[in-house]
Amino acid sequence: NINKNVTLEKMKSQKKELHEKERQERLAYLNAYKVQKELKRVMAEEEALKANIAAEEKEAKRQQYVLKQKEKVEAYRERMKLEEEQKAANKHDRLMSERAQSSVSSSDLLRLHEKNMKVVEKKQQQKQDMIIAE
């Protein structure tokens with residue numbers, strides 16, 4: 001009877017150990033599954049962040065390009081304005097020289113100068129309009 005009790009206790013103990021071992025294995029499997037799932041989530045999040053960074057870098061480069069183009073257009077406009085002013089000054093000097101050599105009245109010369117300045121302004125406006133249209 002004592003042997004039977006000892007054997008029965010031994011079996012119960014082994015059964016408990018087996019049950020505990022199976023429970024530990026299930027917990028380990030469950031933890032591994034959770035870790036793997038979390039790893040996948042973190043990796044997906046990392047990929048999304050990389051994509052966002054790439055998109056932001058691309059947008060920054062685009063904006064930098066647009067800014068450079070605007071600067072080029074502004075420099076071109078300024079150059080055209082200076083050229084037109086130089087042409088007007090040269091024309092004015094030529095007219096003054098011609099006036100000194102001829103007997104044109106100052107009122108005629110003034111009207112001619114104003115007319116020329118209007119033409120210059122009109123041409124400048126047309127060039128600016130063309131630049132803006134481009």
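A: Here is a walk through the salt bridges.

The model is predicted: local features need pLDDT of at least 70, side-chain atom pairs count only at pLDDT 80 or more, and totals for chains, interfaces and linings use all residues. Residues are numbered from 1 along each chain as its sequence is written, and side-chain values use heavy atoms, with hydrogens and water left out.

Side chains of opposite charge can pair when their charged atoms come close. A salt bridge here is a side-chain nitrogen of Lys or Arg within 4 Å of a carboxyl oxygen of Asp or Glu. The structure holds nine.

Start with arginine 41 and glutamate 38. Their side chains meet at 2.6 Å, N to O. Both lie in helix 1, three residues apart. Helices are DSSP runs (H or I, at least four residues), numbered from the N terminus. An α-helix has 3.6 residues a turn, so residues three or four places apart point the same way. Glu38, Arg41 and Glu45 are linked in a network of salt bridges.

Now exposure. Buried means under 20% relative accessible area, exposed over 50%, partly exposed in between (1.4 Å probe, protein chains only). Arginine 41, at 42%, is partly exposed. So is glutamate 38, at 39%.

Next come arginine 62 and glutamate 59, which form a salt bridge at 2.7 Å, N to O. They too sit in helix 1, about one turn apart. Arginine 62 is partly exposed at 45%, and glutamate 59 is partly exposed at 33%.

Last, glutamate 84 meets lysine 87 at 4.0 Å, N to O. This pair also lies in helix 1, three residues apart. Glutamate 84 is buried, because its relative accessible area is 5%.

Note on methods:
Helix = DSSP H or I, 4+ residues; strand = E, 2+ residues; numbered from the N terminus.
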